[in-house]
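Please walk through this model and report on its fold. Begin with the central strands, then take the cores, the ligand shell and the loops.

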Amino acid sequence: MHLSENALSLKKRIIRSSIDGVINFPPNLEFIILPYYKSLEEIPNSNSLINKINTFISRTNESSTIAILTSSLFANEICTKLNDDAHLKLWIAVKLTNPIERKSYLTDSHSALLILTRYKSSLKHTKTRIGYTYCPICKKTTKDYGGKKHLYHEFGTLVSDVWRDITVDFDNYPSEIINRLSDLFGISQYEYINVYDQREYFKPNNKETKYKIYLESNNVYLKESTLLLGDCIEQLRNIPDNSIDFCFSDPPYNLNKKYENWDDNIDTQKYFEWCDQWLSELARVLKPGHTLAVLNIPQGGIRHFKHLIGLLDYQDWIVWEGLSMPVRMIMPSHYSIICFSKGQPRELPALSRNHNSILEKNAIEIKKENYCIRSSCITKRKRLNIKDAEFTSNIWSDIHRLKHNSQRVNHPCQLPPMIMYRLISLFTNENEIVLDPFNGAGTTTLAAQQLNRKYVGIEYSEIYHGMAIKRHEELTNGINPFHKIKDDGHKVKNSRVERLKKQKYKVSKKVLQLEIKNISKKIGHIPSKEEVVSYSKYPIEYYENYFASWGEVTAAARTTGMTEFKKKINSDYEQVETQLKLFDKSNKYKTKRVDTSKTKK
Ligand SMILES: C[S@@+](CC[C@H](N)C(=O)[O-])C[C@H]1O[C@@H](n2cnc3c(N)ncnc32)[C@H](O)[C@@H]1O
């Protein structure tokens, strides 16, 4: 169930003709449904279809939004060939009602919903929340709030770019998606969602997948694992062709992150030309039949697809839903792990071997939908012998990004080890070689060592390289390299905004946020600074010194706070009524629509 603070839900209009013939649009939401293409060979005349999509988009109004639903593979093809007058705003991964089993590989569980606009400015949409789901064992929300419950909204979490609470069935009419889109884009400028169901016009071909041909060769590269210091492109040139079993890369994303000696904010074109160079090297050193996996945000993944599709064979788009905090109106949770094989992929090693170690077994299993990932609850389930996990598909929603300083060494962008345990366990066997050209503080190579794989880690920064060496020494001496570390408040964080020195506050930030909430209740609106001076028990300096911005001071007053336990509410109707009371009392929104067509999955 979702709830939207919209002006008016969009009216639905089904247009049965092919998109070729459509002309002249007032501004609306245009929604194109395409088939779910599993391979490039299945797409009937891909270039001509993409031309039609481009022509359609260029005929839409300059204030329009265009949504396109298809498979991840075809979404990549579309995005790499879009005209300049279309702006990709979001790639939403939507769960499939009927996941597609693939022989000797991960089941495909998601489709791609592209959100494009004709306008350049940021995406216009309504604030839409998704109701919480609750763990059947601890009865708490499946989302873990890490102590920040007072900042969250009682009804639900803001919609993100991974939708798992509703699903899409490509053999039927996707009514849940249409309902959500008509609320999410129920802005005053639009009246209709025009639905163009194109599945009959562009039916998939029944053609076999063709792979690139590589001669079988197994060059021997290294006997001993190694950590190399230097530029990855130079270092990769010293590695023979066809010698690495699994290449993984977590590159700098060019998002102005604060690395020790790397400029993470260069011209976009130059950045991707540089990416193409190391991607080509990785493709060269990879063994035939083996996998290269690249982690990035979806926009980066699409650009890597464009380069790699000429060199290797598309294997998968794994969605890592890196559970996020409520920032922005659509929370960015979606990281792509785009996988390419060199020629026809070998059988997934995790499926082909007949025994997985305990570490491997834990890594390749994912918590079943609706079980929470609180460690206390996981331990309890283990004790009760509850089967709460299954072999993973290609949506990973059970791995948090590292949230606490105690889990990090002094590197701004470390990965949680579980991501690497899972990838290495899935794609390699013991003693095979794992290569990471951006090894950072060593997450990949440490996980490889723990799983008895050989490794090559390349890192440009002497400091990060030194950290990785030290952690490998710890591991060799029997110490867990991912042990908790005392938070001294001096670690670099993931942004250019300086971290405030850790300090002892006279009253906690939470107390101040609750005070703001009380003031807000008393005066009936979000207080200004002057009002806080008049009404607060605490001096204004506390607010100014403890928070980075006034928006942060008042954040808690804009939410209702919540408890993680399920409330006893008798019906959807009652829940909606409760929720409506929580909204802005100023009557700013004419109607509020609740889609209750779908309850729990
Ligand atoms: C996103 S971080 C990788 C973090 C790593 N996955 C971890 O968990 O620690 C990217 C890393 O690439 C390194 N780097 C940037 N440019 C490089 C280059 N040309 N060659 C090798 N490493 C580079 C940065 O110093 C940074 O440590």
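## A strand in the interior

Is strand β13 largely enclosed by the rest of the structure or largely open, and why? In this predicted model, β13 spans residues 286-296, and ten of its eleven residues are buried. The strand is therefore largely enclosed by the rest of the structure. A residue needs 20 or more other C-beta atoms within 10 Å of its own to count as buried.

β13 has a partner on each of two pairings. Strand β12 (residues 244-249) pairs with β13 in the parallel sense, over five bridges. Within that pairing, I244 has L286 of β13 as its bridge partner. Strand β15 (residues 334-341) pairs with β13 in the antiparallel sense, over six bridges. Here V294 stands opposite I338 of β15.

## The sheet around it

These pairings belong to an open sheet of eight strands. The order is β11-β20-β19-β12-β13-β15-β14-β18, and the pairing is mixed. The edges are β11 (226-229) and β18 (395-396), each of which pairs on one side only.

W320 has W396 of β18 as its bridge partner. In a regular strand, side chains alternate between the two faces of the sheet.

## The chain as a whole

The chain has 601 residues, and 40% of them count as buried. It holds 17 helices and 21 strands. Take the contacts between residues at least 6 apart in sequence: 78% of these join residues at least 24 apart.

## Nonpolar cores

In soluble globular proteins, nonpolar side chains tend to be buried together. The largest nonpolar core in this model has 107 residues. F31, A67, L114 and I424 have the most contacts inside it. Helix α10 (residues 417-427) supplies the largest share of this core, seven residues. The core also draws on two domains, with at least three residues from each of domain 1 (2-197) and domain 2 (226-355 + 394-476).

F31 shows how one of these residues is placed. Leaving out residues up to four places away in sequence, F31 touches A67, I178, L181, I193, N194, V195 and Y196.

## Around the ligand

Which residues are closest to the ligand? They are C232, F438, G440, T443 and Y460, out of 20 residues that surround the ligand. The shell divides into twelve nonpolar, five polar and three charged residues.

## The end of helix α13

I523 lies in helix α13, which covers residues 509-523. I523 has 13 C-beta neighbours inside 10 Å, so it counts as partly exposed. Y535 is twelve residues away from I523 in sequence. In space, the two C-alpha atoms are 9.5 Å apart.

C138 is found in the loop between β7 (128-131) and β8 (156-158). Is C138 buried or partly exposed? C138 is partly exposed, because 18 other C-beta atoms lie within 10 Å.

Which residues does C138 contact, leaving aside its neighbours within four places in sequence? The contacts are C372, R374 and C377. I378 is 240 residues from C138 along the chain, and their C-alpha atoms are separated by 9.6 Å.

## Two positive phi angles

Most residues other than glycine have a negative phi. K139 has a positive phi of about 65°, although it is not a glycine. K139 is found in the loop between β7 and β8. K139 counts as exposed because it has 12 C-beta neighbours inside 10 Å. The exposed class takes residues with 12 or fewer.

N385 also has a positive phi, near 60°, and is likewise a residue other than glycine. N385 is found in the loop between α9 (375-383) and β17 (389-391). With 7 other C-beta atoms within 10 Å, N385 is exposed.

How values were computed: Residues numbered from 1 in each chain as written. Predicted model: local features only at pLDDT ≥ 70, side-chain atom pairs only at ≥ 80, totals over all residues. Near = placed C-beta within 6 Å. Nonpolar A, V, L, I, M, F, W, Y, C, P; charged D, E, K, R; others polar. Core = buried A, V, L, I, M, F, W, Y, C linked by C-beta atoms within 7 Å. Helix = DSSP H or I, 4+ residues; strand = E, 2+ residues; numbered from the N terminus. Domains from an automatic or database assignment. Contact = placed C-beta atoms within 7 Å. Pairing = 2+ DSSP bridges.
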